[in-house]
Amino acid sequence: MSIPSEAAAVHRDAIVFDAHTDSLQRVLVSGDDLGQRTGGDPLVERGDFPRFREGGVNAQVFAVWVDTIFLPDHGVRRAFQQIDAFHRMLEANPDAVAFARGRDDVEAAVAGGKLAALLSIEGGDAIGGDLGILRIFHRLGASSMTLCHSRSTDWVDSSTDEPRWNGLSGFGVEVLREMNRLGMAIDVSHTSDAAVRQAIEVSRAPVIASHSNCRALCDHPRNLSDELLAAIAECGGVVGINFYSGFLDQAYRDLFLETYGDVFAGFNQPPTVPREELEDLARERLYQIGKDDLPRPPFETLLDQIDHAVEHAGIDHVGLGGDLDLPHMSTPAGLDDVTAYPLITAGLVDRGHSREDVVKILGENFLRVLADVQSAAEVS
Ligand SMILES: [Zn+2]
(Lines give C-alpha, C1' and ligand atoms only; values in the text may rest on other atoms or scores of the structure.)
Protein backbone atom coordinates (compact mmCIF):
# COMPACT_ATOMS: atom_id res chain seq x y z
CA MET A 1 0.00 0.00 0.00
CA SER A 2 1.31 3.41 -0.78
CA ILE A 3 0.51 6.34 1.50
CA PRO A 4 1.01 9.95 0.34
CA SER A 5 4.07 11.42 2.04
CA GLU A 6 2.17 14.11 3.98
CA ALA A 7 -0.12 11.51 5.56
CA ALA A 8 2.82 9.17 6.19
CA ALA A 9 4.58 11.95 8.12
CA VAL A 10 1.46 12.71 10.20
CA HIS A 11 1.08 9.02 11.01
CA ARG A 12 4.74 8.59 11.94
CA ASP A 13 4.79 11.59 14.27
CA ALA A 14 1.45 10.87 15.99
CA ILE A 15 0.97 8.53 18.93
CA VAL A 16 -1.45 6.01 17.42
CA PHE A 17 -3.61 4.59 20.22
CA ASP A 18 -6.19 1.85 19.71
CA ALA A 19 -8.65 1.42 22.57
CA HIS A 20 -9.81 -2.14 22.01
CA THR A 21 -8.56 -5.48 20.71
CA ASP A 22 -9.50 -9.06 21.52
CA SER A 23 -6.05 -10.49 20.79
CA LEU A 24 -5.80 -11.96 24.30
CA GLN A 25 -8.51 -14.42 23.30
CA ARG A 26 -6.27 -15.86 20.61
CA VAL A 27 -3.28 -15.81 22.93
CA LEU A 28 -5.25 -17.76 25.52
CA VAL A 29 -7.27 -20.24 23.46
CA SER A 30 -4.75 -20.90 20.67
CA GLY A 31 -1.45 -20.17 22.41
CA ASP A 32 -0.57 -17.59 19.72
CA ASP A 33 2.68 -15.72 20.38
CA LEU A 34 2.21 -12.09 19.37
CA GLY A 35 5.99 -11.69 19.36
CA GLN A 36 6.14 -13.66 16.12
CA ARG A 37 4.82 -12.47 12.83
CA THR A 38 2.00 -14.86 12.01
CA GLY A 39 2.16 -16.26 8.51
CA GLY A 40 -1.50 -17.11 8.41
CA ASP A 41 -4.56 -15.38 7.02
CA PRO A 42 -4.55 -11.68 8.05
CA LEU A 43 -8.33 -11.89 8.35
CA VAL A 44 -7.95 -14.53 11.06
CA GLU A 45 -4.80 -13.42 12.90
CA ARG A 46 -4.96 -9.68 12.60
CA GLY A 47 -2.25 -8.39 14.84
CA ASP A 48 1.16 -9.23 16.27
CA PHE A 49 4.00 -7.04 17.50
CA PRO A 50 5.92 -6.94 14.20
CA ARG A 51 2.75 -5.89 12.39
CA PHE A 52 1.80 -3.30 15.03
CA ARG A 53 5.20 -1.76 14.33
CA GLU A 54 4.64 -1.91 10.57
CA GLY A 55 1.24 -0.23 10.99
CA GLY A 56 2.71 2.51 13.16
CA VAL A 57 0.45 1.58 16.08
CA ASN A 58 2.04 2.81 19.34
CA ALA A 59 -0.45 1.85 22.04
CA GLN A 60 -3.00 -0.92 22.25
CA VAL A 61 -5.59 -1.64 24.91
CA PHE A 62 -5.94 -5.43 25.36
CA ALA A 63 -9.40 -6.49 26.49
CA VAL A 64 -10.06 -9.23 29.01
CA TRP A 65 -13.33 -10.40 27.53
CA VAL A 66 -15.28 -13.06 29.40
CA ASP A 67 -17.45 -15.11 27.06
CA THR A 68 -20.93 -15.50 28.54
CA ILE A 69 -20.57 -19.29 28.54
CA PHE A 70 -18.27 -18.89 31.56
CA LEU A 71 -20.92 -16.98 33.52
CA PRO A 72 -21.84 -16.83 36.24
CA ASP A 73 -19.63 -19.42 37.93
CA HIS A 74 -16.36 -19.19 36.01
CA GLY A 75 -16.22 -15.52 35.00
CA VAL A 76 -13.65 -14.41 37.59
CA ARG A 77 -11.38 -17.37 36.81
CA ARG A 78 -11.65 -16.69 33.07
CA ALA A 79 -10.66 -13.06 33.61
CA PHE A 80 -7.62 -14.06 35.68
CA GLN A 81 -6.56 -16.54 32.97
CA GLN A 82 -6.47 -13.70 30.45
CA ILE A 83 -4.68 -11.28 32.78
CA ASP A 84 -2.08 -14.03 33.24
CA ALA A 85 -1.85 -14.40 29.44
CA PHE A 86 -1.34 -10.62 29.16
CA HIS A 87 1.53 -10.56 31.67
CA ARG A 88 3.18 -13.64 30.16
CA MET A 89 2.96 -11.95 26.77
CA LEU A 90 4.77 -8.91 28.22
CA GLU A 91 7.43 -11.07 29.89
CA ALA A 92 8.12 -12.98 26.68
CA ASN A 93 8.53 -9.84 24.56
CA PRO A 94 10.44 -7.24 26.59
CA ASP A 95 12.04 -5.71 23.51
CA ALA A 96 8.78 -5.23 21.63
CA VAL A 97 6.21 -4.25 24.23
CA ALA A 98 5.93 -2.45 27.56
CA PHE A 99 3.13 -2.35 30.10
CA ALA A 100 1.31 0.97 30.30
CA ARG A 101 -1.39 2.29 32.59
CA GLY A 102 -1.45 5.98 31.74
CA ARG A 103 -0.20 8.68 29.47
CA ASP A 104 3.35 8.82 30.90
CA ASP A 105 3.82 5.07 30.46
CA VAL A 106 2.59 5.26 26.87
CA GLU A 107 4.99 8.11 26.08
CA ALA A 108 7.88 6.23 27.71
CA ALA A 109 7.11 3.09 25.69
CA VAL A 110 6.94 5.08 22.46
CA ALA A 111 10.26 6.81 23.27
CA GLY A 112 11.76 3.34 23.77
CA GLY A 113 10.45 2.14 20.42
CA LYS A 114 7.99 -0.29 21.99
CA LEU A 115 4.28 -0.91 21.77
CA ALA A 116 2.53 0.34 24.91
CA ALA A 117 0.18 -2.39 26.15
CA LEU A 118 -2.75 -1.39 28.35
CA LEU A 119 -5.16 -3.75 30.08
CA SER A 120 -8.95 -3.44 30.21
CA ILE A 121 -11.63 -5.65 31.73
CA GLU A 122 -14.48 -6.21 29.25
CA GLY A 123 -17.63 -7.04 31.14
CA GLY A 124 -18.33 -6.20 34.76
CA ASP A 125 -19.48 -9.80 35.31
CA ALA A 126 -15.75 -10.46 35.69
CA ILE A 127 -15.67 -8.83 39.15
CA GLY A 128 -18.12 -11.44 40.46
CA GLY A 129 -20.14 -8.77 42.28
CA ASP A 130 -17.14 -7.95 44.50
CA LEU A 131 -15.40 -4.57 44.75
CA GLY A 132 -12.34 -6.35 46.17
CA ILE A 133 -11.91 -8.20 42.87
CA LEU A 134 -12.29 -4.89 40.98
CA ARG A 135 -9.48 -3.45 43.13
CA ILE A 136 -7.30 -6.50 42.45
CA PHE A 137 -7.86 -6.13 38.69
CA HIS A 138 -6.70 -2.53 39.03
CA ARG A 139 -3.60 -3.62 40.95
CA LEU A 140 -2.88 -6.15 38.20
CA GLY A 141 -2.82 -3.34 35.67
CA ALA A 142 -6.36 -2.70 34.47
CA SER A 143 -6.72 0.98 33.59
CA SER A 144 -10.34 0.70 32.45
CA MET A 145 -13.39 -1.54 32.57
CA THR A 146 -16.18 -1.93 30.02
CA LEU A 147 -19.19 -2.17 32.31
CA CYS A 148 -20.86 -5.07 30.51
CA HIS A 149 -20.80 -7.11 27.31
CA SER A 150 -23.80 -8.54 25.48
CA ARG A 151 -25.90 -9.45 28.51
CA SER A 152 -27.30 -7.41 31.36
CA THR A 153 -25.38 -8.14 34.54
CA ASP A 154 -26.32 -8.16 38.22
CA TRP A 155 -25.74 -4.39 38.27
CA VAL A 156 -25.87 -2.83 34.79
CA ASP A 157 -28.03 -3.18 31.67
CA SER A 158 -26.61 -4.15 28.29
CA SER A 159 -27.80 -2.60 25.03
CA THR A 160 -28.34 -6.11 23.61
CA ASP A 161 -30.33 -7.73 26.42
CA GLU A 162 -33.49 -7.17 28.42
CA PRO A 163 -33.07 -4.28 30.88
CA ARG A 164 -33.00 -5.32 34.53
CA TRP A 165 -32.17 -2.03 36.27
CA ASN A 166 -33.28 0.77 33.98
CA GLY A 167 -29.57 1.46 33.72
CA LEU A 168 -27.52 0.87 36.85
CA SER A 169 -28.44 -0.80 40.14
CA GLY A 170 -27.38 0.70 43.50
CA PHE A 171 -24.36 -1.61 43.50
CA GLY A 172 -23.61 -0.48 39.93
CA VAL A 173 -23.33 3.09 41.22
CA GLU A 174 -20.91 1.85 43.91
CA VAL A 175 -18.79 0.13 41.25
CA LEU A 176 -18.51 3.37 39.28
CA ARG A 177 -17.60 5.38 42.37
CA GLU A 178 -14.88 2.86 43.20
CA MET A 179 -13.57 3.04 39.62
CA ASN A 180 -13.39 6.85 39.98
CA ARG A 181 -11.54 6.49 43.28
CA LEU A 182 -9.03 4.07 41.75
CA GLY A 183 -8.57 6.11 38.56
CA MET A 184 -10.00 3.44 36.25
CA ALA A 185 -11.74 4.69 33.12
CA ILE A 186 -15.46 3.88 32.99
CA ASP A 187 -16.13 2.39 29.55
CA VAL A 188 -19.76 2.46 28.39
CA SER A 189 -19.40 0.51 25.15
CA HIS A 190 -22.12 -2.20 25.13
CA THR A 191 -24.20 -0.63 27.93
CA SER A 192 -27.85 0.40 27.45
CA ASP A 193 -28.67 4.02 26.64
CA ALA A 194 -30.04 4.55 30.14
CA ALA A 195 -26.87 3.13 31.68
CA VAL A 196 -24.67 5.40 29.54
CA ARG A 197 -26.63 8.46 30.76
CA GLN A 198 -26.44 7.35 34.40
CA ALA A 199 -22.73 6.54 34.18
CA ILE A 200 -22.06 10.06 32.90
CA GLU A 201 -24.17 11.48 35.72
CA VAL A 202 -22.50 9.42 38.45
CA SER A 203 -18.89 9.66 37.30
CA ARG A 204 -16.61 12.43 38.57
CA ALA A 205 -14.25 11.75 35.65
CA PRO A 206 -14.76 11.63 31.87
CA VAL A 207 -16.45 8.48 30.57
CA ILE A 208 -15.25 6.62 27.47
CA ALA A 209 -16.91 4.38 24.87
CA SER A 210 -13.81 2.45 23.81
CA HIS A 211 -15.26 0.70 20.74
CA SER A 212 -18.64 2.08 19.65
CA ASN A 213 -20.01 3.67 16.50
CA CYS A 214 -22.73 6.12 15.44
CA ARG A 215 -26.28 4.77 15.39
CA ALA A 216 -27.37 7.39 12.85
CA LEU A 217 -25.24 5.61 10.25
CA CYS A 218 -25.76 2.02 11.40
CA ASP A 219 -28.77 1.27 13.54
CA HIS A 220 -27.33 -1.27 15.97
CA PRO A 221 -28.45 -1.02 19.62
CA ARG A 222 -24.82 -0.95 20.83
CA ASN A 223 -24.02 2.06 18.65
CA LEU A 224 -24.43 5.56 20.10
CA SER A 225 -27.21 8.03 19.27
CA ASP A 226 -26.22 11.59 18.39
CA GLU A 227 -27.51 12.64 21.80
CA LEU A 228 -25.20 10.16 23.58
CA LEU A 229 -22.23 11.18 21.41
CA ALA A 230 -22.80 14.74 22.58
CA ALA A 231 -23.25 13.66 26.21
CA ILE A 232 -19.94 11.74 26.23
CA ALA A 233 -18.25 14.81 24.76
CA GLU A 234 -19.90 17.04 27.35
CA CYS A 235 -18.32 15.04 30.21
CA GLY A 236 -14.91 15.33 28.54
CA GLY A 237 -14.85 11.72 27.31
CA VAL A 238 -13.97 10.03 24.05
CA VAL A 239 -15.59 7.57 21.64
CA GLY A 240 -13.36 4.99 19.90
CA ILE A 241 -14.63 4.09 16.44
CA ASN A 242 -15.02 0.34 15.88
CA PHE A 243 -13.91 -1.26 12.58
CA TYR A 244 -16.41 -4.16 12.50
CA SER A 245 -18.57 -3.92 9.36
CA GLY A 246 -21.72 -4.86 11.28
CA PHE A 247 -21.38 -1.71 13.43
CA LEU A 248 -20.15 0.52 10.59
CA ASP A 249 -22.47 0.02 7.69
CA GLN A 250 -26.26 -0.33 7.57
CA ALA A 251 -26.26 -2.16 4.21
CA TYR A 252 -23.81 -4.77 5.53
CA ARG A 253 -25.79 -5.17 8.77
CA ASP A 254 -29.06 -5.65 6.88
CA LEU A 255 -27.51 -8.22 4.56
CA PHE A 256 -25.88 -10.08 7.46
CA LEU A 257 -29.20 -10.34 9.35
CA GLU A 258 -31.02 -11.41 6.18
CA THR A 259 -28.42 -14.09 5.43
CA TYR A 260 -27.48 -15.46 8.84
CA GLY A 261 -30.06 -14.12 11.28
CA ASP A 262 -29.11 -12.65 14.65
CA VAL A 263 -26.39 -15.19 15.49
CA PHE A 264 -25.02 -12.93 18.22
CA ALA A 265 -28.27 -13.22 20.20
CA GLY A 266 -27.16 -16.77 21.01
CA PHE A 267 -24.27 -15.29 22.94
CA ASN A 268 -26.50 -14.67 25.90
CA GLN A 269 -27.71 -18.25 26.24
CA PRO A 270 -26.34 -20.34 29.12
CA PRO A 271 -23.74 -22.97 28.15
CA THR A 272 -24.96 -26.37 27.06
CA VAL A 273 -21.76 -28.23 27.88
CA PRO A 274 -20.11 -29.30 31.17
CA ARG A 275 -17.31 -27.24 32.77
CA GLU A 276 -14.48 -29.29 31.27
CA GLU A 277 -15.71 -28.59 27.74
CA LEU A 278 -16.11 -24.81 28.13
CA GLU A 279 -12.60 -24.01 26.82
CA ASP A 280 -13.20 -25.96 23.60
CA LEU A 281 -16.58 -24.29 23.16
CA ALA A 282 -15.00 -20.85 23.71
CA ARG A 283 -12.43 -21.57 20.97
CA GLU A 284 -15.12 -22.77 18.58
CA ARG A 285 -17.19 -19.63 19.19
CA LEU A 286 -14.17 -17.37 18.76
CA TYR A 287 -13.33 -18.77 15.34
CA GLN A 288 -16.89 -19.27 14.05
CA ILE A 289 -19.14 -16.52 15.28
CA GLY A 290 -18.27 -13.74 12.85
CA LYS A 291 -17.68 -15.85 9.75
CA ASP A 292 -19.47 -14.70 6.63
CA ASP A 293 -19.23 -14.71 2.84
CA LEU A 294 -20.63 -11.23 2.35
CA PRO A 295 -18.96 -8.43 0.40
CA ARG A 296 -17.03 -6.06 2.67
CA PRO A 297 -18.29 -2.48 2.89
CA PRO A 298 -16.17 0.25 1.27
CA PHE A 299 -13.32 1.73 3.33
CA GLU A 300 -15.14 5.08 3.27
CA THR A 301 -17.76 3.72 5.72
CA LEU A 302 -15.09 3.87 8.44
CA LEU A 303 -14.19 7.46 7.55
CA ASP A 304 -17.90 8.34 7.47
CA GLN A 305 -18.29 7.03 11.03
CA ILE A 306 -15.32 9.08 12.21
CA ASP A 307 -16.66 12.21 10.52
CA HIS A 308 -20.15 11.74 11.95
CA ALA A 309 -18.73 11.30 15.45
CA VAL A 310 -16.60 14.42 15.00
CA GLU A 311 -19.65 16.34 13.85
CA HIS A 312 -21.71 15.40 16.92
CA ALA A 313 -19.09 14.93 19.65
CA GLY A 314 -16.45 17.37 18.44
CA ILE A 315 -12.86 16.89 17.36
CA ASP A 316 -11.59 16.47 20.95
CA HIS A 317 -13.81 13.47 21.66
CA VAL A 318 -13.21 10.90 18.91
CA GLY A 319 -10.58 8.16 18.72
CA LEU A 320 -10.03 4.63 17.44
CA GLY A 321 -11.18 1.38 19.05
CA GLY A 322 -10.75 -1.08 16.21
CA ASP A 323 -11.97 -4.28 17.93
CA LEU A 324 -9.82 -5.81 15.25
CA ASP A 325 -8.56 -9.16 16.40
CA LEU A 326 -11.64 -11.32 16.27
CA PRO A 327 -10.99 -14.03 13.67
CA HIS A 328 -13.04 -13.62 10.47
CA MET A 329 -14.95 -10.56 11.70
CA SER A 330 -15.72 -8.47 8.63
CA THR A 331 -13.85 -5.19 8.25
CA PRO A 332 -14.10 -2.61 5.46
CA ALA A 333 -12.35 -3.32 2.16
CA GLY A 334 -8.62 -2.63 2.39
CA LEU A 335 -8.52 -2.85 6.17
CA ASP A 336 -7.36 -6.41 6.85
CA ASP A 337 -5.02 -6.18 9.81
CA VAL A 338 -3.12 -3.77 12.04
CA THR A 339 -0.78 -2.78 9.21
CA ALA A 340 -3.68 -0.84 7.67
CA TYR A 341 -3.84 2.01 10.22
CA PRO A 342 -1.90 4.41 7.93
CA LEU A 343 -4.84 4.15 5.50
CA ILE A 344 -7.06 5.78 8.11
CA THR A 345 -4.61 8.66 8.47
CA ALA A 346 -4.40 8.99 4.68
CA GLY A 347 -8.20 8.98 4.40
CA LEU A 348 -8.62 11.68 7.05
CA VAL A 349 -5.92 13.89 5.51
CA ASP A 350 -7.55 13.36 2.12
CA ARG A 351 -10.89 14.54 3.53
CA GLY A 352 -9.31 17.79 4.60
CA HIS A 353 -8.70 17.24 8.32
CA SER A 354 -5.79 19.29 9.64
CA ARG A 355 -2.66 17.61 10.96
CA GLU A 356 -3.60 18.65 14.50
CA ASP A 357 -7.10 17.17 14.20
CA VAL A 358 -5.81 13.87 12.79
CA VAL A 359 -3.33 13.57 15.67
CA LYS A 360 -6.21 14.01 18.13
CA ILE A 361 -8.25 11.24 16.49
CA LEU A 362 -5.28 8.89 16.18
CA GLY A 363 -4.51 8.97 19.90
CA GLU A 364 -4.20 12.35 21.58
CA ASN A 365 -7.83 12.35 22.72
CA PHE A 366 -7.58 8.98 24.46
CA LEU A 367 -4.27 9.96 26.08
CA ARG A 368 -5.84 13.15 27.44
CA VAL A 369 -8.80 11.28 28.90
CA LEU A 370 -6.60 8.62 30.53
CA ALA A 371 -4.63 11.40 32.21
CA ASP A 372 -7.83 13.16 33.32
CA VAL A 373 -9.29 9.94 34.77
CA GLN A 374 -6.10 9.16 36.65
CA SER A 375 -5.65 12.66 38.01
CA ALA A 376 -9.20 12.46 39.43
CA ALA A 377 -8.24 9.31 41.39
CA GLU A 378 -8.04 9.34 45.18
CA VAL A 379 -5.35 6.67 45.39
CA SER A 380 -1.91 6.72 43.83
ZN1 LIG B 1 -16.80 -5.39 22.93
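On a 1 Å grid over the protein atoms alone, a pocket is an open set of points with protein on both sides within 12 Å along at least five of seven lines, a cavity is a set of points where a 1.4 Å probe fits but cannot get out, and lining residues have an atom within 4 Å of a point. Grid points are joined across faces, edges and corners, and a volume is the space filled by probe spheres set on the points.

The model on screen is predicted, so local features need pLDDT of at least 70 and side-chain atom pairs count only at pLDDT 80 or more, while totals for chains, interfaces and linings use all residues. Residues are numbered from 1 along each chain as its sequence is written, and side-chain values use heavy atoms, with hydrogens and water left out.

**The whole chain**

Begin with a cartoon of the protein, which has 15 helices and nine strands, these being DSSP runs numbered from the N terminus (H or I, at least four residues, for helices; E, at least two, for strands). Along the principal axes, the C-alpha atoms fill a box of roughly 50 × 45 × 45 Å. Of the 380 residues, 59% count as buried, meaning under 20% relative accessible area, with exposed over 50% and partly exposed in between (1.4 Å probe, protein chains only).

**The zinc ion**

Next, select the zinc ion together with E122, H190 and H211, whose OE, NE2 and NE2 atoms respectively are its protein donors at 2.0 to 2.2 Å; donors are N, O and S atoms within 2.8 Å of the metal (3.2 Å for Na, K and Ca), and the site may look incomplete because water is not among the atoms. Along the chain these donors follow the spacing E-x67-H-x20-H. E122 lies in strand β4 (residues 115-122) and H211 in the loop between β7 (207-209) and α9 (226-234), so the pair ties together parts that are 89 residues apart in sequence. Both E122 and H211 are buried.

**The largest pocket**

Now show H149, H220, R222, F247 and F264, which lie nearest the centre of the largest pocket among its 31 lining residues. Elements giving two or more residues to this lining are α10 (245-248), α11 (250-260) and α12 (278-288), and α11 gives the most, with four. The pocket holds about 530 Å³ of space, and its lining divides into 14 nonpolar, nine polar and eight charged residues. Here Ala, Val, Leu, Ile, Met, Phe, Trp, Tyr, Cys and Pro count as nonpolar, Asp, Glu, Lys and Arg as charged, and the others, Gly among them, as polar.

To find it, select V61, S144, I208, F366 and L370, the closest to its centre of the 14 residues that line it. α15 gives the most to this lining, with three residues.

For the second largest cavity, of about 50 Å³, select its lining residues, including W65, D125 and R151. That lining also includes E122 and H149, the former a zinc donor and the latter one of the residues nearest the centre of the largest pocket.
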